[in-house]
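Have a go at each task before you read its solution.

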Amino acid sequence: MKFFHSIGQISLQSLAKLGRSTLFLSAIINSLGYPLLRPKLLIRQIYSVGVLSFWLVAISGLFVGMVLGLQGVYTLSTFGAESSLGIMVAASLVRELGPVVSALLFAGRAGSALTAEIGLMKTTEQLSGMEMMAIDPLKYIIAPRFLAGFISLPLLAALFSAIGIWGGYIAGVELLNVDVGAYWSQMQSAIDFYDDIVNGIIKSIIFAWIITWIALFEGYDATPTSAGISRATTKTVVNSAFAILLFDFLLTALMFGTS
Amino acid sequence: MISINKLSFARGDNKIFNNISLTIQPHKITAIMGPSGTGKTTLLKLISGQLKPDSGSIMINEQNVHQLSRKNLYALRQKMGMLFQSGALLTDMSVYDNIAFPIREHTALPESMIRTLVLMKLNAVGLRGAKDLMPSELSGGMARRVAMARALALDPEMIMYDEPFTGQDPISLGVLVKLIATLNQTLQLTSIIVSHDVQETAAIADYIYLLSAGKIAGQGTPEELYSSDSAWVQQFMQGKPDGPVPFHYPAQDYQNDLLAH
Amino acid sequence: MMQYKALEISVGLFVSAAMAALFFLAMQVSNFNALQNTNSYTLTAHFDNVSGLKTKSLVSMAGVPIGRVTEISFDPENYDALVKMRIDARYNTIPSDTSASILTAGLLGEKYIGLTPGGLDEFLQEGDAIELTQSALVLEKLISQFLFQSASKD
């Protein structure tokens, strides 16, 4: 009996949370005009969310690209097809690894930071204080951060892919003597701007939306204690990871399955 | 003039307010006191519209707070100042910017004018020299005074203090008590103090409501309460360890408890 | 808290770097500038068998890419395949008796259309059809042909 009781309770709680988070999202969308009128706020947030994630994304991109290059050469050489290395590295990065890995890194670094910051503001009553001063915290605090995440992640994903392709070049061409012309020319002929690159960017825009929404909501909804904030940051990272991988599957099936 | 009529509010099973009614007279200091956990902070949040009551109404200047549109509620809040227990200063801004914040957001005054206003408010609380410090560099008492200056930034008509005296050293206490009374007088504010520090509050309050278990257990001027017939009121006002609120948590007979195995 | 000016500069750098990366991806990595829809004209051709040919496959002449396949559809009147392709407008002197064959790039590579020029002085215009076509080589048919041939030799 208790078992069914707890299942029911958990389902109702999850539904309630989903409802709250949807209302939260629609409130954010209503407030999005505000940060556009206050560029200073927005730029501060792009710095904290995007610029501070740059090195993490860049170095990860470089190493992922280099590993792709190495593994690619090892595998392709069994078919005598090393000249296809460029296509392999570029396709993997632009379609999948670029958007997904940069989103996961972003969720871990920027997402958890956002959750902790908002949660702490809630705990120290800064959000209530702002409400009392008749300043809507959704407009002043939440909306700029949402817009910043929405702008930053696709940029970070593009950086990841570009740096990764260079990494593949360094590993394959410089270190393992793949032909430099073949690397770039085969890549150019096979990677389509609209099908591959634009789709990859669309993916990372959708990821940005989801991650920033989750991160901000978990912070806003957190129990205002230190244990509550730590739970909230964990939830952000875990839920973001699930959502990214789920949506990656759905989007890949939609975008690349039918061509 | 604030009137609370037949207010009821419950959190889960806990009935925090059970059909209470009270009035706050304008330009006076009204104190709401009671044991810890009786929902005094909740009452402030209900008055400011952050929480909605289950039944009953709160009228401020003839307007029902909870029936106002968002825009009108925000307009009303600009006439209210609130001092949170922790000060609730924005941690990434300096003291100056914290106080300038509501002015910048709600008015289009030029920076030179804002500077004058900020310095005036800081001077009123005696912290004009601290204007460039960050909140993390302030002591608890100083943070509260800065928060007070910020609450006064838009020249409100009323101001609410949430536990202003808790955890302060004697000197800070003296400063705060003096400030609350002086500001109320000079600025003709309506002040509501929520506290359980009897001595300090009774020294400056014009009228006191005592809340307990969701109901009003006593009300009156400080003198009336000190000479009250109610044993509970006497125990609370004088801080007696035993009385209607017993010292011993209900337990079985002492001898039986010791000798039982 | 960083000085606001330094903050703005770093955000500017970040956005420029990302824009440069996007530009790099568009230009160096993909075939963005290979063929834009302006300045090109459409030709059609019928093939008996287009197996392996895809839309966006290359159309080339003398080994040089001059266009792309834009559409492959089944023609219910002739029971064959109708292929539409866009040719770069710079190459507008293709003789009207040019032939089109579906070829394979490398042993296991992708299919593409190779155009071999004819000799007439008339040139193909927008909407014209290439008359002479050679279908794709289907590997199974080749093998069975080979086996058949070697069997009939004995």
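## Exercises on a predicted complex

Of the 261 residues of chain B, 35% count as buried. Keep in mind that this is a predicted model; the predictor gives the complex an ipTM of 0.79 and a pTM of 0.78.

**Exercise 1.** Describe the overall make-up of chain B.

*Solution.* Start with the secondary structure: chain B holds 10 helices and 10 strands. Next, take the extent of the C-alpha trace, which spans about 75 × 40 × 40 Å along its principal axes. Finally, turn to the contacts in chain B between residues at least 6 apart in sequence: 62% of them join residues at least 24 apart.

**Exercise 2.** Work out the strand order of the six-stranded open sheet in chain B, and explain what sets its edges apart.

*Solution.* Step one is the order, which reads β6-β7-β8-β3-β9-β10 in chain B, with mixed pairing. Step two is the edges: β6 and β10 (215-220) of chain B each have a single partner strand, so one side of each is left without a neighbour in the sheet. Step three is the geometry, where neighbouring strands of this sheet are turned by 15° against each other on average, direction ignored.

As background, strands of a sheet pair through backbone hydrogen bonds, either parallel or antiparallel.

**Exercise 3.** Follow β6(B) in detail: what is its pairing with β7(B), and which way do its residues point?

*Solution.* First, the pairing: β6(B) and β7(B) (residues 158-162) run in the parallel sense and share four bridges. Within that pairing, G81(B) has I159(B) of β7(B) as its bridge partner. Then look at the directions along β6(B), residues 80-83: M80(B) and M82(B) point one way, while G81(B) and L83(B) point the other way. All of these residues are buried.

**Exercise 4.** Find the sense of pairing, parallel or antiparallel, for β3(B) with β9(B) and for β1(B) with β2(B).

*Solution.* Take β3(B) (residues 29-33) and β9(B) (residues 207-212) to begin with: they pair in the parallel sense over four bridges. Here A31(B) is partnered by I208(B) in β9(B). Now go to β1(B) (residues 2-11) and β2(B) (residues 14-24), which run antiparallel and are joined by seven bridges. In this pair, the bridge partner of L7(B) is I20(B) in β2(B). The two strands β1(B) and β2(B) form a hairpin with two residues between them. In the turn, G12(B) has a positive phi of about 65°.

**Exercise 5.** Characterise chain C from its elements, its domains and its confidence.

*Solution.* Chain C divides into domain 1 (1-33) and domain 2 (40-143), and 41 Å separate their centres, taken over C-alpha atoms. Buried residues make up 23% of the 154 residues in chain C. For confidence, the mean pLDDT of chain C is 81, and 88% of its residues reach 70 or more.

**Exercise 6.** How many residues of chain A and chain C are in contact, and which element of chain A gives the most?

*Solution.* Begin with the count: 24 residues of chain A are in contact with 19 residues of chain C. On the chain A side, α3 (39-49), α5 (85-123), α7 (137-175), α8 (180-190) and α9 (193-221) each supply at least two residues. Among these, α7(A) gives the most, with six residues. By class, this side of chain A has 17 nonpolar, four polar and three charged residues.

Definitions and conventions:
Residues numbered from 1 in each chain as written. Chains lettered and ligands numbered in written order. Predicted model: local features only at pLDDT ≥ 70, side-chain atom pairs only at ≥ 80, totals over all residues. Buried ≥ 20, exposed ≤ 12 C-beta atoms within 10 Å, placed from the backbone. Pairing = 2+ DSSP bridges. pLDDT = per-residue confidence, 0-100. Contact = placed C-beta atoms within 7 Å. Nonpolar A, V, L, I, M, F, W, Y, C, P; charged D, E, K, R; others polar. Axes fitted to C-alpha atoms, helices over the stretch in contact; angles between N-to-C directions. Domains from an automatic or database assignment.
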